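Hello,

Here is the structure I promised to pass on. My notes follow below, and I would be glad to hear your thoughts.

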Amino acid sequence: MQGTPEKDDLPLEYIDMRDIGDGRMSAIMSALQFQHKLFLREMKGALLPEAISLDHVQVVMDFICGPGSWCMDFSKQHPEKRIYGVDINHAIIEYAREDASHASASNLEFLEVDRRRPLPFAENTFDLIHLQNGTSFFTMEQWPEVMAEVTRVLKPGGWLNLVDFEMGPASQPAIDRVLTFLGQILARMHRSNEPEGQAPFTGSTLGPHRMSELFFTDIGYRLYPVDLGGWNNPVGRAYLAWSVVRPEMIFYLAERTGIGTKETLQPLLREVQRELRQIDFCGFGMLLSSFGRKPLNR
Amino acid sequence: MDHNGNNSPEYWQETAASEVARVFFGHPYMMEALGSLLPSMIDLRKAQKVLDVGCGNGEWARRVAKAYPHLHVIGIDTSLHLIQEAVSRATSEKVDSLSFYQFGTAQALDFPSESFDVVHVHSLASFISTVMWSRILDEMIRLLKIGGWLNIVDYEHGTTSSAAFNKLAAMGMAGVRALGGSLAPSSPTRGAAARLYGFLVDAGLIDVSYTVHALDYGINSHPGTRAFLDDFVVDMQNFKPFILQLGLLDGETFDALLAQTKSDFYLPDSCGYAYLISAVGRKEP
């Protein structure tokens, strides 16, 4: 039993933000399942961009699968394909396994992997790899290695789909400040392409470039604006509260990165909770889905 | 402070930068990113008069007039040369249901109350000071007929795969903030786009809603992207004096960043976006 990951002992670059949360793993899992529903709503119910043809796809990996929302949906839509949900987080994989057993998805298997080792798959195994939230998970320095490893296990001509959310501006003053802090936190965690952390951007726009560096073909991306405000949008507001400006996460990361303390930030986060209930609240972000194929000749 | 009402803060800010901005925001690519000239709840078939405030070279007004020939569309702008350009384009395209007027920066909107079915304004944040928002909104609402629609479109920078462009954009935002042009207390945003919805609610309009659109900078994303980026990099050059004047960058660094941006934007794997927000509300009976 690996137990709870010792996040306090981990260097900043290995912190998994899903581990942060007063020991209430189920709350974080719910938030991730909720995020999946929101993303799916914005992508008009499509699990993949239409450019990805599934005709010859047999074996699929959902890398950093979290509670397995995407791979469970995919396995149900495609009972003839073989799906692997892969994550580095022991508690999450346990949770996903249990959830999948209720859904009795026989074509879906969950695997826990060690992020310090190569993926436990042979070269040229997968026809499709889906990687969601990778930019808030891996540091800028880790990406070349991640891309090399993902490419190794992809079949020639196999598709890679990187899906990430970037927060945009919001209307109210306290959340505006918290998003500024978040930008600095992400920069200090090396999960930002804004070196000085001017804004909370995680480098999702680098997806196509990361693929072209490895000579991928058929590279492209799709943008899906995500509305998080408005009077009739409880889903958007809840996503902000549970995932983007989640208080426990901000407190912990602010202290670890030296941006602020729980004491100084608590009043601000309380104010954010209040702002999220205001009728004139507005905020939005962008979901970016980039894709490409491993070259045939490598 | 001058207590003479006529010398109170000017309604409109007219600088070289704001003029460039109005042309930038009137780019056909922006109109395409919005998907339609106006949000779907505005029915122009029964409308008679439409006003475009800060119309720039008249791109939007011309499109509306062509699509709905029964309308009388009026565009106003503080820049004489943009108005001249708007007039000459309308003349050469033989659109005669259009009128354009220049008006002064210290001027309220010189039209009778309740005279328009739709008042449209794009990128208001780039040509008014932050303190003038509520006054100008009230003024535009005054011009609306009962039940008429106010439609406001604004822009907020997102992010791109070009580190050089992101740096230039951050400097541009620092400049806007230094000049008091940001509505956000701390984030590097103009702040207007996210606040439009609240402004319209606070102004007492009804049926207020908004839509978020992506302005895609990826060279291969759409057929029109390349032409847009061609104009965009020229526009960025026009912001150089503004950035230099504020001491945010020296000329050499600016030139190097712009050259790098130009080369980054035309790479096949370039990726980036901005946001366009279209907020709409109706004058209560």
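A quick definition to begin: I call a residue buried if 20 or more other C-beta atoms lie within 10 Å of its own. By that count, 48% of the 285 residues of chain B are buried. Please bear in mind that this is a predicted model.

On the overall fold, chain B has ten helices and seven strands. Its C-alpha atoms fill a box of roughly 55 × 50 × 35 Å along the principal axes. A compact globule of 285 residues would have a radius of gyration near 19 Å, and the 19 Å of chain B therefore agrees with that. Among contacts in chain B with a separation of 6 or more, 80% join residues 24 or more positions apart.

Next, helix 1 (residues 16-25) of chain B. Its buried residues are A17(B), A21(B), R22(B), F24(B) and F25(B). Seen down the helix axis, these fall within an arc of 160°, so they line one face of helix 1. The elements of chain B that cover them include helix 2 (28-34), helix 4 (80-92), strand 4 (116-122), strand 5, helix 8 (225-238) and helix 9 (240-245).

Then there is the interface: 36 residues of chain B are in contact with 36 residues of chain A. On the chain B side, the elements giving two or more residues are strand 5 (144-160), helix 6 (163-178), helix 7 (192-202), strand 6 (206-216) and strand 7 (272-282). Helix 7 of chain B makes the largest contribution, with seven residues. By class, this side of chain B has 16 nonpolar, 15 polar and five charged residues.

Best wishes

Note on methods: Residues are numbered from 1 along each chain as its sequence is written. Chains are lettered from A and ligands numbered from 1 in the order in which they are written. This is a predicted model: local features need pLDDT of at least 70, side-chain atom pairs count only at pLDDT 80 or more; totals for chains, interfaces and linings use all residues. Helices (H or I, at least four residues) and strands (E, at least two) are DSSP runs, numbered from the N terminus. The radius of gyration is taken over C-alpha atoms; the globule rule is 2.2 Å times the number of residues to the power 0.38. A residue is buried if 20 or more other C-beta atoms lie within 10 Å of its own, exposed if 12 or fewer, and partly exposed in between; C-beta atoms are placed from the backbone. Two residues are in contact if their C-beta atoms, placed from the backbone, lie within 7 Å. Ala, Val, Leu, Ile, Met, Phe, Trp, Tyr, Cys and Pro count as nonpolar, Asp, Glu, Lys and Arg as charged, and the others, Gly among them, as polar. The arc is that of the directions from the helix axis to the C-beta atoms.
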